Every structure is written in C-alpha cells, then in structure tokens.
Amino acid sequence: MSDGIPCLWMRGGTSKGAYFLADDMPSDTAKRDDLLLSIMGSPDPNQIDGIGGADPLKSKVAILSKPSRPDADVDYLFLQVFVDQALVSDAQGCGNILAGVGPAAIERGLVAATSDITPVRIHMINTGEIATAQVSTPGGKVSYAGDASIDGVPGTHAAVPLLFQNIAGSMCGALLPTGNAVDRIDGIDCTLIDNGMPCAIMAASDFDIAGTESRDELEGNAALKARIEAIRRQAGTLMHLGDVTEKSVPKMILVSPPIAGGAINTRSFIPHRCHASIGVFAAVTVATACGLDGTPAAGFASIPEDGRYLIEHPTGAAEALIQKNESGVMVGAGMLRTARKLMDGLVFPSL
C-alpha cells in the first residue's frame with residue numbers, strides 16, 4: 001500500500017467519491033475499512049489528512065469488481081465513510097455514486113464499450129438489486145461532455161439515465177415494512193417506506209418549521225436534530241433494520257408543499273447532517289410516498305400526470321420517474337444523473 005492504490009476520484013450525481021477495484025483492496029473487511037478511513041482522513045471533521053471533503057456527500061467510496069451474477073456486467077459495493085467517526089458503513093446504497101459506476105467500469109476495463117451508448121447492468125451489492133446505466137461512449141470511449149444538467153451541479157455534462165426495477169423493500173423486505181402507510185412515533189405521523197432507500201417521511205410543519213429553511217439553519221437547530229434522531233432510532237427497529245444508532249439508515253425526510261413548481265419540497269438528513277440536495281433512491285422513495293393516500297407526502301404533493309416527479313431540495317430539484325402499469329401498480333423507477341471523472345491516479349494512505 002505504500003506504493004499507492006489506483007483510484008478514480010469522480011463526481012457521481014451530487015456527490016463525490018473514490019472508486020476502487022476490489023482487487024486493489026484488502027479482502028479482510030476490517031483492514032479494508034481501516035484503509036479507507038486513512039485514505040479519507042477520518043475521523044476528523046476537516047478530513048485534513050485525507051482526500052475526503054469534510055462532508056458526507058464527499059466522503060464516499062465505490063468498490064467495483066467482476067459480476068457475481070449472470071444478469072449483471074459489474075458488481076458495485078457502496079461504502080459511506082463517516083467524517084468525524086471511525087466508521088465505514090455498507091448499510092445503504094447510493095444512487096448518486098451509482099451514476100459514476102458505469103463510466104468507471106468502462107474506464108477500468110471491467111466492461112467494454114459497445115456503441116455510442118453503452119448499457120451497463122450494475123449489481124448493487126448493498127441491496128442485491130440491478131440498475132442499468134446508459135453511458136455515453138462515442139468512439140468506444142467514455143465521454144463526460146453533454147448538454148444534460150442536474151440541480152446542485154454547475155454546467156452541463158453527458159446524461160447518465162439510471163433505471164431500476166424490483167427495488168421496493170430493498171433493505172426492509174417490503175415497501176411498507178410495518179404494513180402501514182402511516183405510523184405514529186413520539187407524536188409524529190411518519191411514513192416508514194423503502195423503495196430503494198429506507199426513509200422516514202414526516203411533515204416539516206409537525207416540527208414547527210416551514211421546511212424551506214436553509215441547510216445551515218437546520219444544521220444549527222440542535223433541538224430539532226435531537227428530536228429527529230430519537231424518532232430515527234425507533235423507526236429503525238420498526239423497519240426491521242435493528243439498532244440503527246451507528247447506521248446511516250433510515251434517512252429522515254421532512255416534506256412540505258412545493259415552492260418552485262415541483263411535486264413536493266424536501267429537507268433530508270443523512271442521517272445526522274442536513275443534505276445539500278437529496279439522494280437518488282431517497283428521491284424515488286419520496287415520489288413513491290406521494291402517491292400513497294393518507295401519508296404526509298400525499299398531503300402536500302402535486303402529482304404529475306406523466307410520472308416525472310420533481311423532488312425539490314435546498315439546491316434545486318431532482319427528477320424521479322415512477323412507472324406504473326395499467327392497474328396503477330408501480331413496476332419501475334428511474335432518474336437522470338450525470339457524472340464526471342475528476343482524477344485518475346494513486347492515492348496514499350497514512351498507514
């Protein structure tokens with residue numbers, strides 16, 4: 001490891017992370033996690049001695065390997081490296097970092113480019129599901145240039161459409177793990193739901209806030225965060241996730257009426273820091289909750305006729321697509337993301 005470890009540093013969606021090949025990582029989980037903490041510079045709120053960005057959105061890791069199942073082209077393990085704790089979690093997936101997996105797999109030779117657009121079937125190890133990314137590969141090489149834009153990222157880039165199937169109950173075993181559209185925890189109505197990401201969705205107004213506050217305002221509201229955390233720990237048990245004290249799920253989502261023409265407005269916690277935007281799977285899960293009668297989300301939502309839900313967040317909106325069959329049953333979901341290669345080289349741990 002003293003000679004450095006091959007690393008792709010990429011922006012995926014509205015996150016940044018380090019992309020590694022599994023063959024370049026220790027096979028022992030504890031040794032791997034210690035290595036990643038060293039690489040990122042954790043635990044340290046500034047991550048000054050590592051490549052992490054002092055923010056959960058910039059302290060993420062993707063580990064890629066050859067597919068372990070015939071319906072996939074690459075295996076992808078997501079790891080959240082905590083900033084100020086010596087903790088690496090595989091308790092969730094990440095749809096933003098997922099956006100970079102297809103390009104990274106082609107860059108690293110795990111997948112061959114097939115035409116101007118190369119579909120990459122990604123086995124998301126964290127949840128066991130398959131996502132398909134459409135990667136721009138003109139001339140057989142990944143291109144990051146294009147005219148697609150997503151809120152929270154300056155400029156335009158090549159589109160990376162992500163399509164998901166069979167993600168309901170990805171970690172909790174069922175879309176509604178308690179069997180209820182609404183559960184009451186500490187006097188708050190909550191929708192405990194998992195459509196790719198375990199979330200507890202609550203009305204911001206029930207916490208005596210508007211839901212339009214800035215990220216910094218919410219970060220500084222210690223009483224609000226403590227109340228949300230108390231609910232989160234109880235929700236984890238109800239959602240069959242066990243003791244979530246040191247886990248990054250469920251995500252806690254506060255919803256309010258849309259303010260910019262979208263389907264609904266959100267403020268999300270991941271789980272202890274207020275998100276600058278919203279995660280891909282969290283956005284899909286919120287969109288799903290909007291269509292469930294009696295939920296806090298349904299009470300505020302403006303339902304789009306074309307199934308394209310603009311989920312508003314502090315820096316714009318994320319577009320989630322919900323596909324339903326003729327009977328109104330959800331059969332798939334998707335989202336448009338972009339990605340960009342930022343650095344390709346060797347990273348040096350402090351070990």
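Predicted model: local features only at pLDDT ≥ 70, side-chain atom pairs only at ≥ 80, totals over all residues.
Q: What makes β9 and β10 count as paired strands?
A: Pairing requires at least two bridges found by DSSP, and three bridges join β9 (residues 183-185) to β10 in the antiparallel sense, so the two strands qualify as a pair. Within this pairing, arginine 184 has aspartate 189 of β10 as its bridge partner.

Q: Why are β10 and β11 also called a pair?
A: The same cut-off of at least two bridges applies, and β10 and β11 (residues 198-203) share four antiparallel bridges, so they too are paired. Isoleucine 193 stands opposite cysteine 199 in β11, while the hairpin of β10 and β11 has three residues between the strands, with glycine 196 in the turn at a positive phi of about 105 degrees.

Q: Why is β10 described as mostly covered?
A: A residue is buried when its relative accessible area is under 20%, and six of the seven residues of β10 (residues 188-194) are buried, so the strand is mostly covered.

Q: What makes the space of about 170 Å³ a cavity and not a pocket?
A: In a cavity a 1.4 Å probe fits but cannot get out, whereas a pocket is open; the space of about 170 Å³ is classed as the largest cavity, so the probe cannot get out of it. Its lining has 20 residues, with Lys60, Gln92, Lys251, His275 and Gly279 nearest the centre, and α6 contributes the most, with three residues.

How values were computed:
Residues numbered from 1 in each chain as written. Heavy atoms only, no water. Buried < 20%, exposed > 50% of the residue type's maximum accessible area, 1.4 Å probe, protein only. 1 Å grid on protein atoms, 1.4 Å probe; cavity = no way out; pocket = protein on both sides within 12 Å on 5 of 7 lines; lining within 4 Å. Points joined across faces, edges and corners; volume = space filled by probe spheres on them.
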